[in-house]
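Please walk through this two-chain structure with me.

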Amino acid sequence: MNTKETSFVGFIKDLPKNMFSGLVVSLIALPLGLGLAMASEAPPIAGVITAIVGGVIVSILGGSFVTISGPGNGLVGVVLVAITTLGMTATYAAIICSGIILVILGFLRLGKLADYFPSSAIQGMLAAIGLIILGKQFHIMLANKIVRANGIEYLLEIPNTLLTVINFQETGLIYAAFAGVLSLGVMVFYSKIRNKYLQLIPAPMWIVLVSVGFSYYYELILKMPNPISSAYMIPAIPNIQEIITNIPTPNFEMVGTLPFWSSVIALTLIASIESLLSIKAVDKLDVRKRRSNVNKDIKALGLATVVSGFLGGLNVVTVIARSSVNVNNGGSNRSSNLFHALFLVVFIVLFSTELTRIPLTALMAILVFTGYKLASPDVVRRIFTIGKEQLIIFFATLFVTLKVGLISGIIAGLIATFIIHIVVTKSVTLFIKNILKPNVLMFKEENGSYFLSVKHFCSFLNFNLLKNKLEAIPEKSDVIVDFSLCGFVDHSVMENIHDYQELFHKKGGNIGVIGLDILGTKSEHPFALRRLLPLQNMIPDNKTKRQKSLELIATDFELTYKPLKRRNTEFLENFIYFKTKKIEHIFNQLSAKNDPCRLFDITFSEGEFIAKEVVRSTMLYIKTSQNVPVFTLDREGFLERLYVLAGYRDIDIKNHADFSKRFYLRGENTQEIRALFTDELVRFFESNAYYHIESSKDGLLVFSKERIASIKEIKALLDFGVRLNAIINKP
Amino acid sequence: MNAIAFKTIGIGVTFSPNLEANINEAARFALCFGSKLVLIHVGEASEKKSNTFIKFLSPFKAEGLEFELLFKSGDPVDVILSSTKERNVDLLIIGALQKENFLKYYLGSIARKITRQANCSVLLLINPSIERIPCKHIVVNGLKDPKTKETVTTAFLVGHKLGVDKITVVEEIDQDEVSVNVDDDKSLRKSTIIKERLRLREGARVKKILNTIPENFTKNMVIKSQPIFGKRGYSIGHYAQVARADLLVMNAPAKMTFWDRVFPHDIEHILTELPTDVLIVQ
C-alpha cells in the first residue's frame, strides 16, 4: 500500500522526469496548437491559449494521470462551422456553454457519452473529421488556398490543386508548396527513422526549427528576403502584452438561436467523445496501470473549456498524440501536463515573433498528416475484416458527416447500426422488449472468481450495464463472461470486452468469454470472436531471401528456425522496455531445445489510437536464473547524460572508471546490481560492441537498433548472446 | 414458525394439449405432500369432461390420491380465485405456455392476473410433463423481509419432500446499498470493501434463518448461500437460470398497484420471464 507520504516523495522524485517530458510535449503542442487554431479559422494564438489553460486546470483538477490536454483534432471541423455561421465572438460564447454542459455531464456521471455510440459509427465520424481536416488543409499545404462549401468538395478539388501546383510560375508559391511537401515528408518518415537523437525532438518541432532556421539563413547569411510568399506565412502572433490586453469578449447575443445551440451540442459531443477515447487509449499506455477517473476529468476539461473560452481559447480536450509522446518520454503524473503548459507560456513570452517565420504550408502539412492518420486506409481495412455490415455503418456515418454535419452523421451511424442489428437478428421485439431490463447478472463464486451472465441481447444500446459491472471488479480477479443466454452480441461490445481483457491481463487478472460459439453457429452471428484469432498468412514455402539466410544460420549454429508468427510473448512483458509498448507477435525465431538463448524478430506498437506506430525489430532473449536484479544497460552518450540531469540515476561500478564512463547503467537495487557486475562481466561488456541490454526477473533482453537486423548483425548478436550466456548463466 | 403445510392443492384445468401433463404434475405434488387435489374447470359440467379428468387421475387414485372436481362458469380469473377461497386451497398450480423457441416460457394474461391476486401460494410450472422429472436444485430468495423466514422454511420442506440435492439461498443486494460509485482505483477498493461487508452481513442473516430450520429437512442436502448484486426480483430469476435450478421459491409480493406493472419489480420480472418452475409462497 502506498501511503500519502511515500506517494508525495515519489511525486517529488518524478518531478524532473515529468518536466522533461512536459518540455518535449510542449514542442509538439506549440506548432499543433497554432495549426489547429488556424485550420478552424480562429486566431493562431487561440490554440496555444487552449493548451495553456487546459494544461494548468486539468493538471490540477483532472482525474487522469498521464494525459495531455489542449486543442483537439476532432474539434477542427465543428469550430470551423461555428465560426463561419456564428462569427468569432459568438463562437467563444458557444465554447463557454459547451464547457458548462461538460461540467454538468461530469457531475451527472454521464461523461462517458461515447459508450452509447456504436464503435463503427465513432470510427466513421473520426474518419470524416480526418477527411475534413485533410481536405481543407491539403490545398493550403500546396499554397493554393481555395474556398468551397463542404468537406466533399474540398476533397474533390485535390486533383485540381495538384495540377495547379505543377504549373506554378511564381517562385514565392513554389517555395511555399515545397515547404509544405517537405514538411509532410518529415511527418511521414519521422517515425520510420528510429534514431534516439532525432526522436528527441518531435517531428512538428523539427519542421518549426528547420523553417525558422531557413528564414534566418536568408535574412542573416544571404541577406535576402524570405523567398516564401508572405501570403503563406503565419500571420503576426501577438506578444504576451497584446494577448492580455486584447482578450476578446464573448458575445452571448445569439444564445436564443438554433444554430448557436447546434454548435454547442456538436462541440460538447465531439469534445466528450474525443476526450473519452483518448483517456481510454492513454490508460492502456500507462506504465503504472492506473485507472483514470473519467467523470472527474470531464469536469476539469469542462471548467478548462469555460476559462479558455473567456480568455479567447478553444475547447479543451484530452489529446492522444501529445499524451502518447508524454508517456514515451517518461511522463508519470499530471505535473507533466502542467509543465507542458508552463513551457508554452515561456515560448510565447520569448519567441512569439520568431513564430511568424514559419511557413503556413509547413504548419498545414502537420495537420494534413493528422487528418490522414484519422482517416487512414488501415481503419477501413480493419473494419472490413470485422465484417461487411460494419463497413456500411462506417461509410453511412462518414458520408452523412461530410455532406451534412457531425450531429447528423453520428445520428445516421446510430440508425444504420440499429437497422443492421434488426436485419441480422430478424427481430425488433428482441431489442424493444428487453432494452430496459437489467440484463446482466454478476456474482462472486465460492473460489473468488466473478461470473457475469448476460441475457437477451448485448449491444451498444445497453453495453453500459455490462460495463458498470466490469468496472466494479478488481482487475486482479478472474472473470467469466457468459453470453449463452444472449441472443445477440454486437461488435461494439466485443471490441470493448477485448479492451477489458487486455486491461485485466495487464494487471494480472483474466476475463474468459464463453457461450459465443453456440451463438455463432445458431444464428450465423457476424460479430463472433474470430476476428481476434491470429492470421497465419505466412506461407512456409514462400520465404524471403532473409528468411532463407536465417535458415542457413540456423543450421550453422545448430538451431531450429521457426518463421511463423507466435503470440505467446508473456516472457517479454516484464521488461521495462515494453512497459509503454504493446507486443503484437514474434516471428523468425531461432532457438534450440535446452538453450536459454533465442533470437527473433518482433512486431510491437507504440502509442495508441491515431498515434499508434508499429515497429519491427530483432532481439535476443536469454533466460536466466531468478536472482538477476532488474537493470538496464546502454551506451552512455549525450542523451544519457541529459537523462541523468532529468533525474535518472547512473550506477557506477567501482574500479571500472572506463566502464562507468562509457556505459549508462540504471536500476532500482544498486547493491545487487553492483554485485552482479563482476570484473569478468564488466570486461566482457567493455571489450564488445554496444548493445541495449536489460533484465527482467528471469531473463535478459539484448538488441542494438530498433529495426530488423541484417544477417551479419544477427550473427554478431547470436555470438554475443552465446558468450554473455556463458558468463551470466555460469554454473 | 412452521412451514406452510399444503393441505389442499388446486389446479385450473382446461382442455389444452398440456392437460394430461398438468394433471399428472399436480397429482404427483399432491401425493408427495399427502394433500387433497381440487381440479377447477371453468365451464359447464358434463359427463364427458368428468370422465376425461378421472381417466387421467385414475393411476394416482390407485396410490391413494384424494381429489375433487369443480365445475363453475364465469370469468376464469374470478372463478378460480373464488374457488380457491371456497375450498381453502393452500397451493394453486398454474402451467405456463411455451414459446416457439424452446428456451423461453411465458404466462398467459389470465394466469398472470391469477398469480397477482391469489391469496394462496402459487406454483408456476414451465415444463409440465407426464413422466416425473426429478427436482434437484432449489433456489430460494433470502431477502431482508419478514416473510423470508417462512419462505425459506417452505423451500426446505418442499426440498425435503421432493428429495432435492441442493438448496441455494440467494440474497439479492441492491446496487444502491453499495453507496460508492466506481471511478478510479481508490473508489474501486472502497466499493470492494463495502461489498465484502454487505456480503458478510447478509450471509450472517441468512445463517440465522437456516439455523431455525428443522434438522430432518436439511438432511442429505447441500446448502449454499449466494449473495448477488443486482436488481431485486430480476437477478434471482437470472441466477436460477444460470445455476440451472429446477425450482425457484420466492416471497409473495407485498402489494400490487398499477405502477408496479408499469415499472416492474420483484415478482413482475419473474412473471414476464419465467426462468424455471416458480413457487410463490404466500
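A:F443 has B:I228 as its bridge partner, in strand 10 of chain B. Strands count as paired if DSSP finds at least two bridges between them. Helices (H or I, at least four residues) and strands (E, at least two) are DSSP runs, numbered from the N terminus.

The model is predicted: local features need pLDDT of at least 70, side-chain atom pairs count only at pLDDT 80 or more, and totals for chains, interfaces and linings use all residues. Residues are numbered from 1 along each chain as its sequence is written, while chains are lettered from A and ligands numbered from 1 in the order in which they are written.

Now widen the view to the whole contact between the chains. Here 19 residues of chain B are in contact with 19 residues of chain A; contact means that C-beta atoms, placed from the backbone, lie within 7 Å. On the chain B side, helix 6 (185-211), strand 10 (222-229) and helix 8 (234-242) each supply at least two residues. Helix 8 of chain B gives the largest share, 6 residues. By class, this side of chain B has 7 nonpolar, 8 polar and 4 charged residues. Nonpolar covers Ala, Val, Leu, Ile, Met, Phe, Trp, Tyr, Cys and Pro; charged covers Asp, Glu, Lys and Arg; the others, Gly among them, are polar.

Next, the domains. Their bounds come from an automatic or database domain assignment. Chain B has domain 1 (1-133) and domain 2 (135-249). The C-alpha centres of these two domains of chain B lie 29 Å apart. Chain A is divided into domain 1 (4-386), domain 2 (432-532) and domain 3 (545-728). In chain A, the centres of domain 1 and domain 2, taken over C-alpha atoms, are 36 Å apart. Their contact takes 10 residues from domain 1 of chain A and 11 residues from domain 2 of chain A. On the domain 1 side, helix 5 and helix 17 (377-386) of chain A give two or more residues. That side divides into 4 nonpolar, 3 polar and 3 charged residues.

Helix 5 has another partner. Helix 5 (residues 119-141) of chain A packs with helix 18 (residues 388-403) of chain A at an angle of about 40 degrees, with their axes 8 Å apart. Axes are lines fitted to C-alpha atoms, for helices over the stretch in contact, and angles run from 0 to 180 degrees between N-to-C directions. Helix 5 of chain A is therefore oblique to helix 18 of chain A. Oblique is what remains after roughly parallel (under 35 degrees), roughly antiparallel (over 145) and roughly perpendicular (65 to 115). The residues of this contact include A:A128 and A:L131 of helix 5 and A:F394 and A:L398 of helix 18. They divide into 11 nonpolar, 6 polar and no charged.

Finish at the sheet. Chain A has an open sheet of 8 strands in the order 7-8-9-10-14-13-11-12, with antiparallel pairing. Strand 7 (560-562) and strand 12 (663-667) of chain A are the edges, each pairing on one side only. The twist averages 25 degrees from one strand to the next. Helix 29 (residues 711-728) of chain A lies across strand 9 (597-606), strand 10 (613-623) and strand 14 (699-703) of chain A, at about 40 degrees to strand 10 of chain A.

Key: Two residues are in contact if their C-beta atoms, placed from the backbone, lie within 7 Å.
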